Amino acid sequence: MEFFDKPESQLFIGVAVALLAAAAAAVYVFSSKKTKGCLDPEKFKEFKLVKRTQLSHNVAKFRFELPTPTSVLGLPIGQHISCRGKDSQGEDVIKPYTPTTLDSDVGHFELVIKMYPQGRMSHHFREMRVGDYLAVKGPKGRFKYQPGEVRAFGMLAGGSGITPMFQVARAIIENPNDNTMVHLIYANVTYEDILLKEELDGLASNYPRRFKVYYVLNQPPEEWSGGVSFVSKEMIKSHCPPPATDIKILRCGPPPMNKAMAAHLEALGYDTEMQFQF
């Protein structure tokens with residue numbers, strides 16, 4: 001009988017609390033379902049190409065549609081996807097790529113692809129037209145990032161190796177709760193080879209205290225204020241955070257560059273715990 005002796009106001013509060021708890025649970029379940037990623041690590045899923053933008057004679061940006069306008073790809077920071085296509089002989093080919101978009105870019109994901117004349121997967125992307133489908137599986141990769149886990153990143157990228165760096169840098173810089181600094185050295189042969197330059201310059205302009213980029217060209221134009229030739233120990237020393245337990249150097253580029261950078265970093269005192277190669 002004690003239940004019926006309670007004042008009506010207390011009964012009302014109790015019912016209201018119960019209803020709010022139920023509503024919160026429903027919202028949680030709904031949001032969890034809504035933000036579930038579209039990727040499957042075990043099997044390929046197909047995504048429709050809805051926009052193709054030619055950036056240069058051999059580079060294009062491909063936008064793929066996700067199932068709904070609020071869908072997310074579900075790719076952890078620093079990881080990549082496996083893409084399957086057909087080479088010029090009609091045979092299956094699978095190659096890893098890192099989207100330049102994040103899960104904050106809902107409803108779609110984008111790939112910036114450099115298409116090489118003899119590249120097997122390059123042939124597939126060269127032939128793709130709006131309305132075609134791309135088979136994708138993932139996420140893949142050993143890199144795992146938690147905001148604030150290091151004080152600063154040094155990034156050494158060459159050519160299309162910029163894509164994982166850009167993804168990580170964007171995620172860090174656009175997170176208001178992450179104060180990690182990012183120092184990028186990006187090497188290419190010519191000025192025209194620089195991928196995502198407008199986006200990188202935008203990050204450097206909008207976040208000058210947290211993101212810095214230093215371009216290096218093997219064949220620079222006449223008016224050039226960046227680095228010349230190949231990335232050297234002196235460049236790394238000048239433009240990357242010095243060795244410390246709370247920094248990490250990320251590397252991604254052609255095999256000869258990766259090998260040379262590993263030697264430079266070792267000579268400068270960066271131990272293996274301070275390095276990661278995509």
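Which strands does helix H7 (residues 255–268) lie across? Helix H7 lies across S7, S8, S11 and S12, and runs at about 155 degrees to S11. Helices (H or I, at least four residues) and strands (E, at least two) are DSSP runs numbered from the N terminus. Angles run from 0 to 180 degrees between N-to-C directions, with axes fitted to C-alpha atoms, for helices over the stretch in contact; contact means heavy atoms within 4.5 Å.

This is a predicted model, in which local features need pLDDT of at least 70 and side-chain atom pairs count only at pLDDT 80 or more, while totals for chains, interfaces and linings use all residues. Residues are numbered from 1 along each chain as its sequence is written, and side-chain values use heavy atoms, leaving out hydrogens and water.

| Helix | Lies across | Angle |
|---|---|---|
| H4 (residues 162–173) | S7 (152–158), S8, S9, S11 (247–252) | about 155 degrees to S7 |
| H7 (residues 255–268) | S7, S8, S11, S12 | about 155 degrees to S11 |

The open sheet has six strands in the order S10-S9-S8-S7-S11-S12, with parallel pairing. At its edges, S10 (227–228) and S12 (275–277) each pair on one side only. Two strands pair if DSSP finds at least two bridges between them; seven join S8 (residues 181–188) to S9 (residues 211–217). Among the residues involved, Tyr186 has Tyr215 in S9 as its bridge partner.

Now to Leu111, which sits in strand S5 (residues 108–114). Beyond its neighbours within four places in sequence, Leu111 contacts residues including Phe62, Ile81, Tyr97 and Leu134.
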